[in-house]
Amino acid sequence: MSTGVVGAGAVGRSVPRSEDDRLLRGRGRFHDAVARPDQLWLRVVRSPLAHARILGVDTARAAALPGVAAVLTAADLPPDLRIPVRQPHPGMDFTAYLQPPLATGYVRYAGEPVAVVLAEDPYVAEDAAELVALDLAELTPALDARTAAAGPGPVSLAGTPAARVGTVDFTYGDVDAAFAAAAHVVRADLRTGRHSGTPLEPRGLFAELEDPGGPDERIVVRGAAKIPHINRRVLASLLGVPEHRIHMRETDAGGSFGIRGEFYPEDFLVPFLCLRTGRPVKWSEDRAEHMVAANHAREQEHRIELALDADGLLLGLRDEAWLDNGAYVRTHGAVVAALTASMISGAYRIPACSSRVHIVTTNKTPIGTYRAPGRFQHNFVREHALDLAATQLGVDPVELRRRNLLTGAELPHRRPMQVFGSPLVLDGKDHLEHFDKALAAVGYARWREEARAARAAGRLVGTGCAVILEKAGLGYDSAVVDIGVTGAVRVAMGGANVGQGIETVMAQIAADELGVPPAAVRVVLSDTDVLPDGGGTFGSRSTVVGGEAVRRAAAAVREKAVRVAAGLLDVPPQSVHPVPGGLGSTGSTSSPAEIGWPALAAAAFTPRWIRTGEEAGLIGRATYAADGMTYPYGAHFAQAEVDPGTGAVRLLRYAMTYEIGRAVHPEAVRGQLVGGAVQGIGGALSEEFRYDARGRPLSLTLDDYLWPRAADLPEIQVEIYEDAPAPGNPLGLRGAGEGGTAGSGAVVAGAVRDALGLPGDVGALPLHPARVRSLMSHP
């Protein structure tokens with residue numbers, strides 16, 4: 001069936017976003033807007049210490065406060081509860097490192113939940129929480145992963161300040177031979193700071209019972225983001241409640257970035273207390289809580305070595321890293337370590353590579369996946385080492401990259417390893433060609449001339465470039481598409497709305513298959529009543545994988561609708577085509593020659609059009625499981641100026657290019673890349689969670705944890721390319737959510753190093769003024 005009219009061509013156009021109208025009018029569906037007359041408010045009592053033995057928890061004064069409904073500690077919960085890992089790693093047993101919903105025996109980071117208070121009023125709940133007396137015997141904390149890793153082997157967390165969880169190792173080629181044959185070896189010790197996504201809206205959850213005490217009693221949960229279907233399975237297991245008695249309702253979210261929506265202690269405590277009390281329970285996190293309770297990310301220390309021949313060609317790469325995992329292994333397991341190690345070679349021709357990441361627990365907030373996990377870190381480390389190599393060899397840093405990037409003649413390029421069970425196959429068009437196009441599109445040669453002229457005039461101005469390889473689209477997702485008897489089109493799929501425009505994109509994909517306008521499509525996301533299962537939103541996968549599931553489900557609806565229309569119009573199916581409001585055929589001898597969607601949907605419920613094994617009505621279901629990941633790629637460019645008096649870094653120019661394969665909504669892609677770059681720049685220049693010697697957090701507000709402000713940033717130029725549709729994805733999509741973040745740390749570090757004229761490396765990110773002044777004093 002042709003889709004040459006009406007909705008055709010929706011994919012690839014920046015149509016008005018369907019989410020924007022309700023959000024701009026203040027009609028968003030946020031968990032905190034839900035209120036019930038009999039609801040209880042939950043407040044978490046958190047440890048003020050990083051490491052201590054729990055001698056006692058006195059709840060008597062809190063429980064006696066008028067308006068308090070309950071105060072609970074770990075003793076009031078089912079025994080031996082631990083939040084499971086949803087992404088296991090072969091050969092690693094995380095059991096000893098899993099977090100309980102409430103601390104048992106010891107507290108292991110400042111902010112760990114120790115008790116919870118339920119009250120009739122949020123202010124009473126907060127007052128009562130302050131009355132809970134914690135008797136803690138403080139112990140020495142472990143705050144440095146590299147030091148802790150040198151200690152004893154894998155041990156239980158009970159009473160220990162730190163433990164080595166395990167090591168992720170990816171190796172190919174003869175690395176020792178590569179370094180033995182090298183004309184030049186470049187070494188550096190580099191570190192990335194501790195960051196987090198810190199969304200505008202902190203986390204929260206609302207749970208209530210339907211038909212309480214009755215035969216159809218079930219829990220309805222609002223506020224679950226990112227992976228609601230997965231979280232429902234975890235919650236069912238922990239509560240001992242069948243999955244069909246848990247309904248995760250779709251909500252909006254004021255940002256996610258990978259850290260929001262994983263299964264945290266509160267995701268168990270809120271529904272558990274709803275069941276226990278029989279009353280609705282609401283929990284809304286404040287900013288100080290968020291800073292110590294939600295996943296941190298990125299803190300790693302690397303020792304990298306590059307082996308190069310006399311012409312500057314890479315022979316080998318060796319990297320050893322220590323990942324500060326915080327106090328527990330949370331739901332992501334070893335994902336950050338695996339992505340750090342497996343993709344460090346990037347888009348370069350590197351014949352031999354060894355990359356090891358040690359996962360080490362410390363007495364800090366546990367880490368998780370945050371936008372471009374692992375890639376923010378390894379791109380900084382590899383690209384900075386390449387800049388050092390260019391200095392050591394006396395080669396232009398742009399030219400050094402050009403000599404080593406994979407060309408079209410070498411692609412697809414298979415590396416002898418698997419990432420999450422998927423072969424690592426670089427399937428782009430030509431990485432060198434992309435870099436050359438990027439240099440020209442950005443005008444990078446002019447930036448460099450400007451910087452040289454500024455330095456000649458006494459200003460500290462420099463430029464940096466970085467080449468990145470991203471990954472997207474692994475796993476599966478499911479979708480249901482139906483057209484009802486009023487002609488309404490509905491799409492349900494397993495992604496989550498975290499502000500990225502997923503409703504619009506899914507509507508565009510379905511619209512093209514059905515030949516209807518995108519605005520006519522209603523999209524439902526991760527509602528567990530409408531869709532039995534879904535993969536969720538993470539890893540730049542929702543459009544790549546979920547979009548293909550939607551396309552297939554819509555195609556199934558289209559095929560049935562064509563069959564029904566052809567029969568009603570008495571024409572062959574191949575002559576049926578979309579018309580406004582339905583289907584029609586120029587070859588029909590009947591009158592009218594068109595049938596509207598309401599009539600088609602109604603006819604699809606009659607016995608004539610129902611086949612054994614097929615659902616009645618115009619409905620299609622599909623699950624799409626990707627055979628492997630797709631690999632977007634791109635480049636980042638920056639021009640920076642350093643204030644010689646304060647060490648403050650100001651970005652003068654910033655640009656990035658990205659090979660997207662195919663952009664469903666180009667402006668949404670552009671917005672994703674710009675937003676990601678801002679977050680990456682924050683991690684490169686200002687954002688950092690800091691601790692004192694006792695492990696107490698020093699970054700509890702946005703006055704201490706410094707987001708970049710609009711005034712701190714130049715206009716960010718984005719060039720989107722669609723030269724290389726992903727061969728492994730039927731829609732050609734490569735994913736866009738993380739490419740803006742992946743290269744930011746690398747390119748800013750390169751620009752600052754160039755501005756200061758450093759012969760060595762910058763040492764660590766973020767490059768806040770004190771660190772830059774130190775570099776100026778001791779280059």
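This presentation describes selected local features of one predicted protein model.

Good morning. The model is predicted, and local features are taken at pLDDT of at least 70, side-chain atom pairs count only at pLDDT 80 or more, and totals for chains, interfaces and linings use all residues. Residues are numbered from 1 along each chain as its sequence is written, and side-chain values use heavy atoms, with hydrogens and water left out.

I begin with the sheet containing strand E26. Helices (H or I, at least four residues) and strands (E, at least two) are DSSP runs, numbered from the N terminus. Two strands are paired if DSSP finds at least two bridges between them. On that basis, 4 strands form an open sheet with mixed pairing, in the order E18-E26-E27-E28. The edges are taken by strand E18 (460-469) and strand E28 (716-721); each has a single partner strand, so one side of each lacks a neighbour in the sheet. Neighbouring strands are turned against each other by 10° on average, direction ignored. For angles, axes are lines fitted to C-alpha atoms, for helices over the stretch in contact, and values run from 0 to 180 degrees between N-to-C directions.

Let us go through the pairings in order. E18 and E26 run antiparallel and are joined by 10 bridges; here Leu460 stands opposite Val642 of E26. E26 and E27 also run antiparallel, with 10 bridges, and Glu641 has Arg650 in E27 as its bridge partner. These two strands form a hairpin with 6 residues between them, and Gly647 in the turn has a positive phi of about 85°. Strand E27 (residues 649-659) and E28, in turn, run parallel and are joined by 6 bridges. There, Glu659 has Tyr721 of E28 as its bridge partner.

Helix H13 (residues 444-456) lies across E18, strand E26 (633-642) and E27, and runs at about 150° to E18. Helix H19 (residues 744-756) packs on the sheet, touching E18, E26 and E27, and its direction makes about 150° with that of E18.

How many of the 10 residues of E26 are buried? The count is 10 of 10, where buried means under 20% relative accessible area, exposed over 50%, and partly exposed in between, using a 1.4 Å probe and protein chains only. In a regular strand the side chains alternate between the two faces of the sheet. In E26, Tyr633, Ala635, Phe637, Gln639 and Glu641 are buried on one side, and Gly634, His636, Ala638, Ala640 and Val642 are buried on the other.

I turn now to helix H3. Which residues of helix H3 (residues 122-131) are buried? They are Ala125, Ala128 and Ala129. Seen down the helix axis, these residues fall within an arc of 105°, so they line one face of H3; the arc is that of the directions from the axis to the C-beta atoms. Tyr123 and Glu130, on the other side of H3, are exposed. The cover over the buried residues includes strand E1 (40-46), helix H2 (60-64), strand E3 (68-73) and strand E5 (113-119). At the start of H3, a side-chain oxygen of Asp121 comes to within 2.7 Å of the backbone nitrogen of Tyr123.

A second open sheet has 3 strands in the order E4-E2-E6, with antiparallel pairing. Strand E4 (106-107) and strand E6 (133-138) are its edges, each with a single partner strand, so one side of each is left without a neighbour in the sheet. Strand E2 (residues 52-58) and E6 are antiparallel and share 6 bridges, with Ala137 of E6 as the bridge partner of Arg53.

I close with backbone geometry. The peptide bond from Leu411 to Pro412 is cis, with omega near 0°; Pro412 lies in the loop between helix H11 (397-404) and strand E16 (413-419). Another cis peptide bond joins Leu765 and Pro766, with omega about 5°. Pro766 lies in the loop between strand E29 (764-765) and helix H20 (769-777).

Thr198, not a glycine, has a positive phi of about 35°. Thr198 lies in the loop between strand E8 (184-192) and strand E9 (204-210), and is buried at 3% relative accessibility. Arg298, also a residue other than glycine, has a positive phi near 80°. Arg298 is in the loop between helix H8 (287-293) and strand E13 (300-308), and is buried with a relative accessible area of 3%. Thank you.

Note on methods. Contact means heavy atoms within 4.5 Å. A polar contact is a pair of N or O atoms within 3.5 Å; within protein, one must be able to donate a hydrogen and the other to accept it, and residues adjacent in sequence count only if both atoms are side-chain atoms.
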